[in-house]
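The structure is shown first.

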Amino acid sequence: MLHRHATAACTAALAAVGALVLTGLPAAAASPAPPTGPSAAAELGADRPSAEVLRAMQRDLGLTREQAAQRLINEAEAGAVAGRLRASLGTRFAGAWLRGATSATLTVATTYAADVPAIKAAGAQAEVVRYGLAELEAAKAKLDKAAVTTKTVDAPVRYVDVRTNTVVLEATEQAAADALLTATGLDRPLVRVRTTAERPRLLAYDIRGGDAFHITTSRCSVGFSVLAGTQQGFATAGHCGKEGDATAGFNKVAQGSFKASEFPGRDMAWVATNDDWTATPYVKGEGERNVEVTGSTEALVGASICRSGSTTGWHCGTVEQHDTSVTYPQGTVTGMTRTTVCAEAGDSGGAYVSGSQAQGVTSGGSGNCTSGGTTFYQPINPILQAYGLTLKTTASEAGEVGKAGGAWATGKVYAAGHQVMYDGVAYRCIQAHQAQPGRHPAAVPALWQRV
């Protein structure tokens, strides 16, 4: 935790699962239907990136401006395709990830070889693996449960690695990994131990200026502007402060106080600000320029991501793994996302964005922005859901509820697989996000699939 002082490939939608003639075998995914309507990139604003995002991607990912722009488009399209494939494959789905300088290659894994034609027809590469994503997630949950009663300071990081179809346990000592594995009784081939000298920690200091907010003698970074009804505020990391702690802004002017905070367990919090402060739908980018936030659609593994913090400013990297558990000396947190973005002391709580989509707030990590490092962020959607917050975006302010008889509504956080009714029609969410005004299920096929 950093608390201180192409082509738009992959646009096809999957059709309904067809019946399989061979009795006793699961139905393979059917061939995809032809693409219709606007592209996912257009729906999510990925085709209109800010100059700040493009410049940072050029610098940190070694891309040209054209490559950076194409990468954002490819990532938006691939996210929609992966979401539809996940819905179609069900328990056979084993994860999805991106490769290449422009994220031009989407790979979708399945536990059933008969799904390969449908995956390829949707524009993705197929990989047949042993374990489904649900099975890997269940195994990681056992490790997390065992970590509560077993010493994990020397085995601090756990995550599902969809690219290797394993649960990875990072440890500084093999004995620590063995102890945790013994406590779970997990099948050893399912878990891969990775020995490392890195030890995630809270990067805490006392004073520094810049894009910051202050809590007594310490400093953190603002994440994303949020609303709780008419109350304005911002999301940040839970380790930055406790409920009731007073805050001051970057200019040391009284700002507000922590309304809720959780750490360890999760690393989430939100600050309610006073009337002197106004929430905006922006993240501070390179050279103090504003980067707009248009939503909170979760990025795929392998996608580009950029971070803004009060110490090191604006840096980019890639998403490595979701649902990562990290044990810091101060406690264990779960549900983190692991990235290659660098960060340093004082960057805690700062914003991660992929294109214009909010992703999360900085928790902790290792390394620095001189030699490089690894960081973890608390995803934003769980923060919004836990505290009943609405992300401040450049969308219109007026809320829009589902039509008669429906349950869809703006401000709600939907996970992949959630079903709602809109205008009398059932839809299934295919990418995790918080619903925004005007982006109802019938209007955004990149986020919703008609059931």
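Both Cys220 and Cys240 are buried. In this predicted model, these two residues form a disulfide whose sulfur atoms lie 2.0 Å apart, and because the torsion about the S-S bond is about -90°, the disulfide is left-handed. The pair links distant parts of the chain, with Cys220 in strand β10 (residues 218–220) and Cys240 in the loop between β12 (231–236) and β13 (246–248), 20 residues apart.

The structure holds 3 disulfides, and when the bonded cysteines are numbered in sequence order the pairing reads 1-2, 3-4, 5-6.

| Disulfide | S to S distance | Torsion about S-S |
|---|---|---|
| Cys220 and Cys240 | 2.0 Å | about -90° |
| Cys306 and Cys316 | 2.0 Å | 90° |
| Cys342 and Cys369 | 2.1 Å | 100° |

The link of Cys306 and Cys316 is right-handed; Cys306 lies in strand β18 (residues 304–309) and Cys316 in strand β19 (residues 313–328), so the pair ties together parts that are 10 residues apart in sequence. Cys306 and Cys316 are both buried.

The link of Cys342 and Cys369 is right-handed as well. Cys342 counts as buried at 10% relative accessibility, whereas Cys369, with a relative accessible area of 22%, is partly exposed.

Turning to the sheet, 3 strands form an open arrangement in the order β26-β27-β29 with antiparallel pairing, in which the edge strands β26 (419–422) and β29 (448–450) each pair on one side only. The twist averages 40° from one strand to the next. Between β26 and β27 (residues 425–429) there are 4 bridges, and Tyr422 stands opposite Val425 in β27.

Definitions and conventions: Residues numbered from 1 in each chain as written. Predicted model: local features only at pLDDT ≥ 70, side-chain atom pairs only at ≥ 80, totals over all residues. Heavy atoms only, no water. Pairing = 2+ DSSP bridges. Helix = DSSP H or I, 4+ residues; strand = E, 2+ residues; numbered from the N terminus. Axes fitted to C-alpha atoms, helices over the stretch in contact; angles between N-to-C directions. Disulfide = S-S within 2.5 Å. Buried < 20%, exposed > 50% of the residue type's maximum accessible area, 1.4 Å probe, protein only.
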